[in-house]
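Student: I would like to go through this model with you and ask, for each label, what it rests on.

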Amino acid sequence: MSQVENKTIYIKASQSKKVTNKRIVLSDVLDILSLDNNAMKRAGDIVLHTVKGDKNEKVIFSITKVINLIQKEYPAFDIINIGEPDFVVEYKMPVKPNPVWEYTKLAITCIIVFFGAAFTIMTFNTDVSVGDVFDDFYKIVKGVDKSSGSILEISYSIGIPIGILCFYNHFKSDKVHDDPTPVHIEMRKYEEDMNKAIIKDADREETIRK
């Protein structure tokens, strides 16, 4: 085995990593591999970030920062990245498990999924006629035909806009969560596609000029 191979540290980062310790070290968020076991262990103990305060936090890191941290400790080593160039570290405050609450959430989720799937199947079978489904459901439960609007239509009318606002997470500055919204995701996809198109057009024009 050559000396060059012994002086190499491989690092691999996933796109995102969840941690529960405020003192985040490299081994918490990276896969580190080296033939020098001592160097591999010490590199994993390097502090990447320390969370301040008592709240959940998301931090984006560039792999170049990681390489700089390791090279300060081991300047003679070659650091080779085989993972993502940028990654997200999500700190979650430790929460004491509550079995009762977990099973309650599971039961609520199962009920919502059950009735949601049933409603979807019924509207599909009636050619997406929500009004007919509500009429039939009202007659099954009440035993009489519905002559005017009912709690079903009212709940449906209120639930649709609330669901859309919560899903897109855009209705107030204090958002429900910090995750990117579907609009943000589609805009980033559009930007990526546009940048790729501009680069390809520039390469094509350069080729034609030659």
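The conversation below takes the labels one at a time and sets each value against its definition.

Tutor: Keep in mind that this is a predicted model, in which local features need pLDDT of at least 70 and side-chain atom pairs count only at pLDDT 80 or more, while totals for chains, interfaces and linings use all residues. Residues are numbered from 1 along each chain as its sequence is written, and side-chain values use heavy atoms, with hydrogens and water left out.

Student: Why is the contact between Arg-42 and Glu-73 called a salt bridge?

Tutor: The term requires a side-chain nitrogen of Lys or Arg within 4 Å of a carboxyl oxygen of Asp or Glu. For Arg-42 and Glu-73 the N to O distance is 2.5 Å, so the pair meets the definition. It links distant parts of the chain, since Arg-42 is in helix H3 (residues 37-44) and Glu-73 is in helix H4 (residues 63-73), 31 residues apart. Helices here are DSSP runs of H or I with at least four residues, and strands are runs of E with at least two, numbered from the N terminus.

Student: How many salt bridges does the whole structure hold, and which residue does Lys-105 pair with?

Tutor: The search finds seven, among them the one between Lys-105 and Glu-102, whose closest N and O atoms are 3.7 Å apart. Both residues lie in helix H5 (residues 99-125), three residues apart, which is about one turn of the helix. In general, an α-helix has 3.6 residues a turn, so residues three or four places apart point the same way.

Student: What makes S2 and S6 edge strands?

Tutor: Two strands pair if DSSP finds at least two bridges between them. Three strands form an open sheet in the order S2-S8-S6, with mixed pairing, and strand S2 (16-19) and strand S6 (57-62) are its edges, since each pairs on one side only.

Student: How do you know that S6 and S8 pair?

Tutor: Six bridges join S6 to strand S8 (residues 86-91), and the definition asks for at least two, so they count as paired. The two strands run antiparallel, and Val-59 stands opposite Val-89 in S8.

Student: Which residues does Asp-78 touch, leaving out those up to four places away in sequence?

Tutor: Asp-78, in strand S7 (residues 78-81), touches Lys-7, Thr-8 and Ile-9, where contact means heavy atoms within 4.5 Å. Asp-78 and Thr-8 are 70 residues apart in sequence, yet their C-alpha atoms are 4.7 Å apart in space.
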